[in-house]
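Subject: Structure handover

Hi there,

Here is the structure I promised to pass on. Have a look at it first, and then read on for my notes.

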Amino acid sequence: QVHLTESGGGLARPGDSLTLSCTTNVRRFSERAMAWFRQAPGKEREFVAGISLSGTTTGYQDSVKGRFTISRDNAKNTVWLQMSSLKPEDTAVYYCAGTPPDSSTSWYPTQPRAYALWGQGTQVTISS
């Protein structure tokens with residue numbers, strides 16, 4: 001059974017930093033674009049950050065640019081989301097996601113429907 005397991009969420013204050021991790025036992029990890037999404041109560045799931053197969057291409061939602069950094073280590077089957085200068089509006093459940101394997105792509109999708117694998121989510125709450 002394939003698992004994506006997120007960790008690192010929790011309660012933080014505005015201005016703090018958190019780093020989320022996503023580890024997986026999925027095969028062909030290096031052939032999958034990876035992303036982080038988030039979903040706040042009453043809102044749709046939204047793209048936060050994406051990373052290409054090799055990690056050379058990354059992209060972010062406008063509201064997190066300059067504050068969040070996505071990275072991956074294909075040898076460790078792990079992707080991270082470093083979050084700094086956190087704001088209350090960053091409060092959400094954060095999900096790690098992976099596409100089906102495709103070694104020909106050099107990009108990452110931003111739509112949830114493009115992702116075949118999902119973690120169970122980790123709660124991030126930013127409050128003073």
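Predicted model: local features only at pLDDT ≥ 70, side-chain atom pairs only at ≥ 80, totals over all residues.

Residues are numbered from 1 along each chain as its sequence is written, and side-chain values use heavy atoms, with hydrogens and water left out.

**Salt bridges**

The whole structure has 5 salt bridges, where a side-chain nitrogen of Lys or Arg must be within 4 Å of a carboxyl oxygen of Asp or Glu. One of them joins Lys65 to Asp62, with the closest N and O atoms 3.0 Å apart. Asp62 counts as exposed, at 63% relative accessibility.

Another pairs Asp90 with Arg67 at 2.8 Å between the closest N and O atoms. This pair links distant parts of the chain, since Asp90 is in the loop between E8 and E9 and Arg67 is in the loop between strand E6 (58-60) and E7, 23 residues apart. Strands here (E, at least two residues) and helices (H or I, at least four) are DSSP runs numbered from the N terminus. Asp90 is buried at 1% relative accessible area, and Arg67 is buried too, at 11%.

Glu46 and Arg38 form a salt bridge as well, their closest N and O atoms being 2.7 Å apart. Glu46 is partly exposed at 32%, whereas Arg38 is buried at 5%. Arg38, Glu46, Arg67 and Asp90 are linked in a network of salt bridges.

**Strands**

E4 and strand E5 (residues 46-51) run antiparallel and are joined by 5 bridges; two strands pair if DSSP finds at least two bridges between them. Their hairpin has 6 residues between the strands, and Gly42 takes a positive phi near 80 degrees there. E4 also pairs with E9, in the antiparallel sense over 6 bridges. Of the 6 residues of E4, 5 are buried, so this strand is largely enclosed by the rest of the structure.

Elsewhere, 4 strands form an open, antiparallel sheet in the order E1-E3-E8-E7. Strand E1 (4-7) and strand E7 (68-73) stand at the edges with a single partner strand each, so one side of each has no neighbour in the sheet. E3 and strand E8 (residues 78-83) pair over 6 bridges.

**The disulfide**

What does the disulfide join? Cys22 is bonded to Cys96, with an S to S distance of 2.1 Å, and the cut-off for a pair of cysteine sulfur atoms is 2.5 Å. The structure holds 1 disulfide. Cys22 lies in strand E3 (residues 18-24) and Cys96 in strand E9, so the link ties together parts that are 74 residues apart in sequence. Both cysteines are buried, and with -75 degrees about the S-S bond the link is left-handed. In the strand pairing, Cys22 stands opposite Val79 in E8, and Cys96 is the bridge partner of Trp36.

**Aromatic rings**

Rings of Phe, Tyr and Trp (its six-membered ring) pair if their centres lie within 6.5 Å, and planes under 30 degrees apart count as stacked, over 60 as edge-to-face and the rest as tilted. By this rule there are 7 aromatic pairs. Phe37 and Tyr115 make an edge-to-face pair, 5.3 Å centre to centre with 75 degrees between the planes. Both Phe37 and Tyr115 are buried. Phe37 and Trp118 form a tilted pair, at 5.1 Å and 55 degrees; Phe37 is in strand E4 and Trp118 in strand E10, 81 residues apart. Trp118 counts as partly exposed, at 28% relative accessibility. Ring pairs link Phe37, Phe47, Tyr95, Trp107, Tyr108, Tyr115 and Trp118 into a cluster.

How values were computed: Buried < 20%, exposed > 50% of the residue type's maximum accessible area, 1.4 Å probe, protein only.
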